[in-house]
Amino acid sequence: MENGNQNLWRQLISEFGDIMDDFSNPAELALVSQNSPVLVIIEQHVLARTCILNILKRELTGFEIVEMATTSGLNWLSGRDIRLIALNIGHKQITDPSIEESLAFLAETCPKASVAVLSNRDDDATASAAMQRGVRGFFPTSIPVELAIAGLRLVLAGGVYRPLPIVGQNGGTSHKTISGCPDTSELFGTNEDNGNTRIVPEKAMVDLTPREQHVLEALQLGLPNKLIAVRLNLSENTVKMHIQRIMRKCSAHNRTEAVVRWSRRANGHA
C-alpha cells in the first residue's frame with residue numbers, strides 16, 4: 001500500500017511538472033494577445049527570469065512580456081510585433097562565440113526589434129563591444145532597478161542606453177548614464193592614471209549650472225518630473241523651473257528636443 005502511494009505521488013509530481021511546462025511555453029503566451037507589442041526576456045535561470053518578468057509587468061504596462069530560456073523560443077513569436085529583446089549574457093564576454101551567434105540570430109529573426117544586453121560585467125570595453133554589434137542598451141547587473149527601468153524606457157523610445165563607471169572623491173565607483181536619440185553621438189570620457197574612466201563635461205555644457213546638469217541627466221533617462229524630484233531631493237516646481245531654463249538655453253520646444261540639442265552640442269555638432 002505504501003509503495004502504491006509513493007508511485008501515485010511521483011505520477012502527480014510528473015504530471016504537474018508537465019502542466020507547468022506547457023503553461024510557460026512561449027507558444028501559449030503568444031496566443032494571449034496577438035495585438036499587443038511584445039517585450040522578450042531571454043534568461044536561462046528560472047528564478048531570475050521570473051523576477052525580471054514580474055518587475056517589467058508592473059513597470060511597463062501596455063506590453064506583452066514573454067520570457068524564455070533560450071533564443072530558440074523566438075520561433076514561437078513569428079509575425080508578432082517584437083519591440084525589444086533583453087538578453088542576459090551573465091559573465092560571458094560579448095566576443096564569446098555563443099553570444100555573437102545569439103546576437104546574429106536576434107538580428108536576423110527580429111530585425112525591427114531593439115536588443116538590450118544584461119551583463120554581470122560593467123567595464124567600458126564590454127559596453128563598447130556590445131554597442132559595436134548593434135545593441136541599443138547595455139545593462140550591468142550592478143545598477144539599481146529603477147535606473148534599469150528608465151534605461152529600458154529610453155531604448156523602447158528609440159534611444160541608446162549605456163552607463164559608464166566613474167570614480168568619486170571617496171574612491172568609490174558609481175555609474176553615469178550615457179544615452180541619446182538614434183542620431184546623436186555618445187559623450188566622451190577620459191582615462192585616469194589609475195585606469196578608471198571619468199566623464200569630463202564638454203565646453204558646450206558650461207552654460208548649464210551644476211543642478212541643471214543633474215536635471216538634464218535625469219531627462220536623458222526619460223524620468224518624469226516626480227521621479228526627478230525624488231532623485232535630486234527637489235520639489236516638483238523646482239524641477240519644472242530647471243527644465244524650463246534648460247529648454248530656454250537651448251531654444252527647445254520640449255524636453256526631448258532639449259536632450260537632443262544638448263547631446264549634439266556636447267559632441268561638437270552645430
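Q: Before we start, what does buried mean here?
A: A residue is buried when its relative accessible area is under 20%. Keep in mind that this is a predicted model.

Q: Thanks! So is Leu219 buried or exposed?
A: Leu219 counts as buried, because its relative accessibility is 7%. You can find Leu219 in helix H7.

Q: Which residues does Leu219 touch, if we skip its neighbours within four places in sequence?
A: Leu219 is then in contact with Ile228, Ile243, Ile246, Arg255 and Val259.

Q: And how far is Leu219 from Ala258?
A: In space, their C-alpha atoms are 8.9 Å apart. Along the sequence, Leu219 and Ala258 are separated by 39 residues.

Q: Let's stay with H7 for a moment. How do the axes of H7 and H8 cross?
A: Helix H7 covers residues 210-220 and helix H8 covers residues 225-232. Their axes come within 10 Å and cross at roughly 130°. That angle is why H7 is described as oblique to H8.

Q: Is that crossing left-handed or right-handed?
A: The crossing of H7 and H8 is right-handed.

Q: Which residues meet there?
A: From H7 you have Arg211, His214, Val215, Ala218 and Leu219. On the H8 side they meet Ile228, Arg231 and Leu232. Sorted by class, the contact of H7 with H8 has five nonpolar residues, two charged ones and one polar one.

Q: Nice. Switching to strands: what about S3, is it mostly covered or uncovered?
A: Strand S3, residues 82-90, is mostly covered. Seven of its nine residues are buried.

Q: How many bridges join S1 to S3?
A: Five bridges join S3 to strand S1, which is residues 38-42, and the two strands run parallel. If you want a spot to look at, Val38 stands opposite Ile82 in S3.

Q: And how many join S3 to S4?
A: Six bridges join S3 to strand S4, residues 114-119, and these two run parallel as well. One place to check is Gly90, whose bridge partner in S4 is Ser119.

Q: Zooming out, how many helices and strands does the protein have?
A: The protein has ten helices and nine strands.

Q: What share of the residues counts as buried?
A: Of the protein's 270 residues, 40% count as buried.

Q: Last one: among contacts between residues at least 6 apart in sequence, what share joins residues at least 24 apart?
A: For the protein, 57% of those contacts join residues at least 24 apart in sequence.

How values were computed
Residues numbered from 1 in each chain as written. Predicted model: local features only at pLDDT ≥ 70, side-chain atom pairs only at ≥ 80, totals over all residues. Heavy atoms only, no water. Axes fitted to C-alpha atoms, helices over the stretch in contact; angles between N-to-C directions. Helix = DSSP H or I, 4+ residues; strand = E, 2+ residues; numbered from the N terminus. Parallel < 35°, antiparallel > 145°, perpendicular 65-115°, else oblique. Left-handed = near helix turned anticlockwise from the far one by under 90°. Contact = heavy atoms within 4.5 Å. Nonpolar A, V, L, I, M, F, W, Y, C, P; charged D, E, K, R; others polar. Buried < 20%, exposed > 50% of the residue type's maximum accessible area, 1.4 Å probe, protein only. Pairing = 2+ DSSP bridges.
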